[in-house]
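The structure is shown first.

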Amino acid sequence: MAQKLKADPHVGRLGYLQALVTEFQATESQDAKEQVLANLANFAYDPGNYQHLRQLQVLDLFLDSLSEENETLVEFAMGGLCNLCLDRANREHILQTGGVPLIINCLSSPNEETVLSAVTTIMYLSSPSSSSHPELTAMPVVQCMLRFSLSANTRLRNLAQIFLEDFCSPSQVAEAQSWQAHSALGIPLPRTEAPQQP
């Protein structure tokens with residue numbers, strides 16, 4: 001359906017985005033849902049689409065998708081939110097509708113791209129105007145960022161270090177470090193080697 005609309009010059013941007021949202025809601029196919037959500041996340045990269053995406057409640061669609069069991073849907077939804085939250089109105093919507101806990105939950109995703117988008121989104125949401133949302137720099141988040149700052153993944157390590165330096169106070173970081181010193185939390189489990197085949 002979306003392919004047909006793309007070729008039709010009479011369907012504007014809003015109409016095309018509306019067709020994508022309708023297709024996402026109507027389809028039973030997981031593959032189609034993934035493809036549509038990926039398209040919406042890509043459209044979220046363009047500030048010219050922000051108003052249309054708000055009007056079509058795509059932010060809520062992305063937030064709802066963070067609770068899906070399908071990791072690919074979560075990845076695309078998190079990427080879409082990451083793209084949208086640079087805009088103040090979008091950022092406020094995410095903060096006011098309870099999106100922060102859903103985003104924080106994505107920090108424990110097994111999908112690397114989901115985690116990178118979640119860290120970046122938390123940084124974008126942690127603007128000076130969001131001081132009324134202390135959960136963005138709550139102790140579990142700071143501890144998680146400390147663990148990420150030791151990651152072998154350069155992108156994740158760098159993002160975590162920026163978060164700790166720019167969004168956390170030295171006392172928050174020190175408290176998180178002392179908690180980790182007294183707990184096994186964050187200590188990586190030893191790698192188990194696969195048994196060798198005879």
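## An enclosed helix

A residue is called buried here when its relative accessible area is under 20%. The model is predicted, and the values below are computed from it.

Helix 10 spans residues 139-148. Eight of its ten residues are buried, so helix 10 is largely enclosed by the rest of the structure. The buried residues are Met139, Val141, Val142, Gln143, Cys144, Met145, Leu146 and Phe148.

## Packing of helix 2 on helix 3

Helix 2 (residues 13-26) and helix 3 (residues 30-43) have axes that come within 9 Å and cross at roughly 150°. The crossing of these two helices is left-handed.

On the helix 2 side, the contact is made by Tyr16, Leu17, Leu20, Val21, Glu23 and Phe24. Helix 3 meets them with Lys33, Val36, Leu37, Asn39, Leu40 and Phe43. Of the residues in this contact, nine are nonpolar, one is polar and two are charged. The spacing along each helix can be read against a general rule: an α-helix has 3.6 residues a turn, so residues three or four places apart point the same way.

## Cysteines

How many disulfides does the structure hold? There are zero. A disulfide would need two cysteine sulfur atoms within 2.5 Å. For cysteine 82, the closest cysteine sulfur is that of cysteine 85, at 5.5 Å, which is too far for a bond.

Is cysteine 82 buried or exposed? Its relative accessibility is 12%, so cysteine 82 counts as buried. Cysteine 168 also counts as buried, because its relative accessibility is 9%.

Methods. Residues are numbered from 1 along each chain as its sequence is written. This is a predicted model: local features need pLDDT of at least 70, side-chain atom pairs count only at pLDDT 80 or more; totals for chains, interfaces and linings use all residues. Side-chain values use heavy atoms; hydrogens and water are left out. Axes are lines fitted to C-alpha atoms, for helices over the stretch in contact, and angles run from 0 to 180 degrees between N-to-C directions. Helices (H or I, at least four residues) and strands (E, at least two) are DSSP runs, numbered from the N terminus. A crossing is left-handed if the near helix is turned anticlockwise from the far one by less than a right angle, and right-handed if clockwise. Contact means heavy atoms within 4.5 Å. Ala, Val, Leu, Ile, Met, Phe, Trp, Tyr, Cys and Pro count as nonpolar, Asp, Glu, Lys and Arg as charged, and the others, Gly among them, as polar. Buried means under 20% relative accessible area, exposed over 50%, partly exposed in between (1.4 Å probe, protein chains only).
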